[in-house]
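The following exercises concern one protein model.

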Amino acid sequence: MSGGAAGAPKPLPSSGPKSLREMPHPLATSSSEEMGPALTPSPDLLLPRSIADKDLSLPNGTPVDTSSPASSSSLLNRLQLDDDLDGETRDLFVTVDDPKKHVCTMETYITYRVTTKTTRAEFDLPEYSVRRRYQDFDWLRNKLEESQPTHLIPPLPEKFVVKGVVDRFSEEFVETRRKALDKFLKRITDHPVLSFNEHFNVFLTAKDLNAYKKQGMALLSKMGESVKYVTGGYKLRSRPLEFAAIGEYLDTFSLKLGTIDRIAQRIIKEQLEYLVELREYGPVYSTWGGLEVELAEPLEGVSACIGNCCTALEELSEDMSEDFLPVLREYILYSESMKNVLKKRDQVQAEYEAKLEAVALKKEERPKAEWRGLGVFD
């Protein structure tokens with residue numbers, strides 16, 4: 001260790017095996033000897049030169065810009081420009097609104113109106129309006145994962161809630177879920193590949209989605225059984241280093257985010273408990289000021305200060321609950337989606353290795369079978 005590093009302050013203890021700063025970025029080039037504080041993916045690994053030199057275009061003919069932004073600020077500007085695209089550039093608009101409660105004999109559920117406006121040739125009409133429930137969105141995501149196994153599918157809001165703690169039919173909860181579902185569809189709409197998926201088209205246009213859900217169930221179950229049979233209990237011979245690095249990075253990243261999420265929830269809980277106490281504490285000074293005329297002015301000032309503290313604390317708690325926690329949980333859900341993609345990749349590799357072993361075994365048995373055919377072992 002150099003002398004300059006000896007005088008540097010010691011880092012705080014980490015709850016995980018390694019800190020994210022200490023871990024090499026899974027997409028970084030291995031030729032660099034030292035990693036700086038900023039972990040940035042290598043453009044050469046993200047896109048091969050043979051592909052980067054070509055002019056790529058989307059299925060609708062729109063050219064794709066494959067150049068890598070020079071800095072994080074330029075990337076932010078590009079994202080802002082993408083969000084501000086006008087109607088002449090976009091050819092598909094999807095919104096989720098108008099939640100309605102349905103009470104049936106067997107169940108009670110919420111449906112949302114999904115409105116689509118488009119100029120794409122894949123759609124028969126320029127506008128559609130259908131109603132979908134949460135399990136329909138879940139069906140869409142599963143279909144996207146099946147048909148696009150190499151793509152990272154945007155996460156859905158969590159389905160299950162703790163009974164007695166959150167009322168899933170309350171106006172606040174339904175509106176929060178509506179916003180999350182709307183964001184989910186908009187992310188798919190803006191995706192250059194997923195937005196052209198046939199299952200996404202069906203989800204947006206079909207009046208009766210249940211008929212499409214029943215199709216392919218038998219085939220899917222057979223395929224699932226075959227994959228389980230081939231890969232069940234099979235251990236990969238050697239996982240490529242780049243995917244192993246990504247998996248390790250995601251595990252550490254998820255651990256850190258989970259820790260932050262638990263701490264944030266605890267802070268919000270304690271803030272709300274403190275807020276209840278402050279609201280009970282403030283009026284005491286007002287009452288006291290009414291009894292002590294000489295101290296009325298300073299006591300009213302203290303009461304007003306406590307009122308200001310209540311307002312500020314309430315705003316802080318709302319900001320953390322509505323702005324910070326949802327974004328944090330989206331990161332957690334995205335990391336889980338990435339883990340699922342890696343898991344599917346491992347299943348494909350396991351199936352490939354199992355078939356190679358089967359072929360090698362048959363090659364070993366082939367000479368023996370030929371000798372048996374000649375009667376050598378009779």
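**Exercise 1. The cavity**

Which residues line the largest cavity?

*Solution.* The model is a predicted one, in which local features need pLDDT of at least 70 and side-chain atom pairs count only at pLDDT 80 or more, while totals for chains, interfaces and linings use all residues. Residues are numbered from 1 along each chain as its sequence is written, and side-chain values use heavy atoms, with hydrogens and water left out.

Step 1. A cavity is a set of points, on a 1 Å grid over the protein atoms alone, where a 1.4 Å probe fits but cannot get out; a lining residue has an atom within 4 Å of a point. Grid points are joined across faces, edges and corners, and the volume is the space filled by probe spheres set on the points.

Step 2. Count and size. One cavity of 30 Å³ or more is present, and the volume of the largest cavity is about 50 Å³.

Step 3. List the lining. It consists of Arg141, Glu145, Gln148, Pro149, His151, Leu152, Ile153, Ser337, Asn340, Val341 and Lys344.

Step 4. Assign the elements. Helices (H or I, at least four residues) and strands (E, at least two) are DSSP runs numbered from the N terminus. Two or more lining residues come from each of helix H5 (134–147) and helix H11 (296–373). H11 gives the most, with four residues.

Step 5. Classify the side chains. The lining divides into four nonpolar, four polar and three charged residues. Here Ala, Val, Leu, Ile, Met, Phe, Trp, Tyr, Cys and Pro count as nonpolar, Asp, Glu, Lys and Arg as charged, and the others, Gly among them, as polar.

**Exercise 2. Overall architecture**

State how many helices and strands the protein has, and in what pattern they follow one another.

*Solution.* Step 1. The secondary structure comes to 11 helices and three strands.

Step 1. Along the sequence, the pattern reads α-α-α-α-β-β-β-α-α-α-α-α-α-α.

Step 2. Of the 378 residues, 27% count as buried. Buried means under 20% relative accessible area, exposed over 50%, and partly exposed in between (1.4 Å probe, protein chains only).

**Exercise 3. A salt bridge between strands**

Which residue forms a salt bridge with Arg131?

*Solution.* Step 1. A salt bridge is a side-chain nitrogen of Lys or Arg within 4 Å of a carboxyl oxygen of Asp or Glu. The structure holds 20 of them.

Step 1. The partner of Arg131 is Asp98, with the closest N and O atoms 3.3 Å apart. This pair links distant parts of the chain, since Arg131 lies in strand E3 (residues 127–133) and Asp98 in strand E1, 33 residues apart.

Step 2. Arg131 is partly exposed, at 30% relative accessible area, and Asp98 is also partly exposed, at 29%.

Step 3. Consider the backbone. Asp98, within strand E1 (residues 92–103), has a phi near 50°, a positive value in a residue other than glycine.

**Exercise 4. Salt bridges within helices**

Why are Lys143 and Glu146 separated by about one helical turn?

*Solution.* Step 1. Lys143 and Glu146 are about one helical turn apart because they are three residues apart in helix H5. Their closest N and O atoms are 3.8 Å apart in a salt bridge.

Step 1. Lys143 is buried at 11% relative accessibility, whereas Glu146 is partly exposed at 39%.

Step 2. Turn to helix H6 (residues 171–189), where Asp182 and Lys186, being four residues apart, are likewise separated by about one helical turn. The closest N and O atoms of their salt bridge are 2.9 Å apart.

Step 3. Asp182 is buried, with 14% relative accessible area, and Lys186 is partly exposed at 32%.

Step 4. Elsewhere, salt bridges that share partners join Arg141, Glu145 and Lys344 into one network.

Definitions and conventions:
On a 1 Å grid over the protein atoms alone, a cavity is a set of points where a 1.4 Å probe fits but cannot get out, and a pocket is an open set with protein on both sides within 12 Å along at least five of seven lines; lining residues have an atom within 4 Å of a point.
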